[in-house]
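Visitor: Could you take me in for a close look at the aromatic rings here? I'd like to go through them one by one.

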Amino acid sequence: MNTFGQHLRLTTFGESHGKAIGGVLDGMPAGVRIDLVEVQNFLDHRRPGTSLSVTQRREADRLEVLSGLLPDGTTTGAPIGFIIANQDARSGDYRVLEHLYRPSHADYTYHKKYGVPPQPGGGRASARETAVRCAAGAMALQLLQPLGVKIYPYIRGIGEVQLPSDALTDLDLDKIYHSSVRCPHPIWEAKLERNLTEVRRHGDSVGGLVECLVQGVPVGWGSPLYDKLSARLAFAMLSINAVKGFEIGDGFALARCLGSHVNDVMERTECGTIAFRSNHSGGIQGGISTGAEIRFSVAFKPTPTIALEQETLNLEGEPVRFAGTGRHDPCVALRGVSVVHAMTALVLADAYLASH
C-alpha cells in the first residue's frame with residue numbers, strides 16, 4: 001500500500017539511503033496554479049539539519065517536478081511526478097546495525113514479512129519518505145487556499161511539558177515554523193526547548209504531541225459510514241512514522257463526561273446561519289464536517305534510536321547490547337508538525353474533490 005487517497009491520490013517511492021525518493025500525485029484538477037517556490041518553502045520546514053533540535057543529516061530536499069505542470073506552474077490534469085534526491089545518506093553509519101533488530105523500529109517486522117534484512121536508515125520504513133508527503137501536501141494546500149481553508153499544526157507538548165488548552169490564542173504559521181520547537185508561544189517555547197535540551201544531553205529521546213486546528217472547512221465534507229472525515233484524518237495521521245495516537249475534539253476525555261456537559265448546542269446567529277456554542281466534537285459529527293473549527297491531536301512516540309546502550313536481539317535471535325549510531329531526531333514530533341500539516345491538506349483536498 002504505497003498509495004494514499006481516493007480522488008487525489010499520492011503514490012510514493014524510494015528508500016532512506018537510495019538515490020532519490022519521489023511521488024506521483026494523480027487527480028489534481030487542471031488549471032490549478034502551483035507555486036513551486038511555496039512548495040519548496042514548505043519542504044524546507046520539514047528538512048533535516050536545520051537546528052540542534054532535529055537530526056543533523058544534511059539534505060537540501062530540492063524538488064524536481066517531472067510531469068503534470070505547464071512552464072508557468074499550471075496543472076494539466078495529468079499526474080504530477082516529482083523526485084527529491086538523497087545527498088547525505090552515510091550508509092556506513094548503519095553497518096554495525098545491519099545484523100540486529102533495533103528496538104521499536106520496523107527492522108524485525110519488515111524482515112519477517114518480506115525476508116529483507118534491516119536496511120540502512122530503515123529503508124522504506126524511514127521517516128525520509130515523509131518529504132514526499134510534504135511536497136504533495138504543499139500542492140494540495142494550494143488547491144485549498146482559494147476556498148479559505150487554513151491549517152494550523154503546532155507542538156502542544158514535549159514529554160511532561162504540555163501546554164494548557166487555552167495557552168494559544170493567536171495562531172500564526174510563520175511564528176510556528178520559525179520556532180525551533182514549532183510552538184509560537186514564547187514562554188512555553190522556552191520550557192519546551194529546555195526539556196528537549198535536557199533529553200538530548202542525556203543521549204535519550206522524548207515523545208511529543210502535535211495539535212492541529214483547521215478553519216474554513218464548510219458543512220458537508222466527509223461521508224458516512226466507513227468514509228467519515230474523522231476516520232480519514234485518523235487513517236492519515238496513523239500512517240505517519242512514530243505516530244501512536246489520534247484524538248479528535250475532546251477525544252478520550254469525553255469518556256469521563258456527561259452528555260449534558262459536552263453536547264454541542266446549536267444556535268442561530270444574527271445573520272441567520274447556524275453555529276455551535278461549543279465544539280467538543282472537534283468540528284465533525286456523523287463523520288461530516290459541521291462548519292466549526294476542526295481540532296485534533298496526534299501523539300508521536302520517542303525516537304527509537306538513542307545514544308544510550310540498549311538490549312536487543314540479533315538476526316540469529318541472540319541477545320546483544322548496542323548504542324545507536326547515525327543521526328536522529330531527539331523528538332520526531334518536531335518535524336512531524338509539517339507532516340501532519342501535509343497529510344491534513346491531502347485529506348481535505350480529497351474530501352473537497354469528493355464533494356464536487
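Which residue lies over the face of tryptophan 188, and how many Å is it from the ring centre?

Guide: That's lysine 191, sitting over the face of tryptophan 188 at 4.1 Å from the ring centre. To count, NZ of Lys or CZ of Arg must be within 6 Å of the ring centre and within 35 degrees of the ring normal. Keep in mind that this is a predicted model, where local features need pLDDT of at least 70 and side-chain atom pairs 80 or more, while totals for chains, interfaces and linings use all residues. Numbering runs from 1 along each chain as its sequence is written, and side-chain values use heavy atoms, leaving out hydrogens and water.

Now for rings facing rings: there are 6 aromatic pairs (Phe, Tyr or six-membered Trp ring centres within 6.5 Å; planes under 30 degrees apart are stacked, over 60 edge-to-face, the rest tilted). Take phenylalanine 42 and tyrosine 177: with centres 6.4 Å apart and planes at 65°, they make an edge-to-face pair. This one links distant parts of the chain, since phenylalanine 42 belongs to helix H1 (residues 36-46) and tyrosine 177 to helix H4 (residues 173-178), 135 residues apart (helices are DSSP runs of H or I, at least four residues, numbered from the N terminus). Both phenylalanine 42 and tyrosine 177 are buried (under 20% relative accessible area; exposed is over 50%, partly exposed in between, with a 1.4 Å probe and protein chains only).

Tyrosine 101 and tyrosine 108 are edge-to-face too, 5.2 Å centre to centre with 85° between the planes. Tyrosine 101 is buried at 9% relative accessible area, whereas tyrosine 108, at 45%, is partly exposed.

Definitions and conventions
Helix = DSSP H or I, 4+ residues; strand = E, 2+ residues; numbered from the N terminus.
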